[in-house]
Amino acid sequence: MIYKVFYQETTDRSPRRETTQALYLSIDAKDELEGHIKARKLVEANTDYNIEFIELLSDKHLEYEQETDAFELTEF
């Protein structure tokens, strides 16, 4: 399962749409909820990012994201 994590690089300021960034994670999980939990724990353990939202990508959404230059799986 591929998850898209929307985040702010710092927790010092309140989130602003203009500074929201995203990363992609491949998570081995039995269901969507477990995947969300694992993704959050992984990002929190390895960064100081302020996580805004975590989204499971559908096959079509993943296909679209892979067509962009911004798509790259993040590994910790």
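Two strands count as paired if DSSP finds at least two bridges between them. Helices (H or I, at least four residues) and strands (E, at least two) are DSSP runs, numbered from the N terminus. With that in hand, Gln-8 stands opposite Asn-50 in β3.

A word on the source: this is a predicted model, where local features need pLDDT of at least 70, side-chain atom pairs count only at pLDDT 80 or more, and totals for chains, interfaces and linings use all residues. Residues are numbered from 1 along each chain as its sequence is written, and side-chain values use heavy atoms, leaving out hydrogens and water.

Now the sheet. It's an open one, with three antiparallel strands in the order β2-β1-β3. At the edges sit β2 and β3, each pairing on one side only.

| Strand | Residues |
|---|---|
| β1 | 2-8 |
| β2 | 21-26 |
| β3 | 50-56 |

Strands β1 and β3 run antiparallel and are joined by six bridges. Helix α1 (residues 32-46) lies across β1, β2 and β3, at about 150° to β3. Such angles run from 0 to 180 degrees between N-to-C directions, with axes fitted to C-alpha atoms, for helices over the stretch in contact (heavy atoms within 4.5 Å).

And Thr-74? You'll find Thr-74 in the segment after α2 (59-66). Beyond its neighbours within four places in sequence, Thr-74 touches Leu-23, Tyr-24 and Leu-25. Thr-74 is partly exposed, at 26% relative accessible area; buried means under 20%, exposed over 50%, and partly exposed in between (1.4 Å probe, protein chains only).
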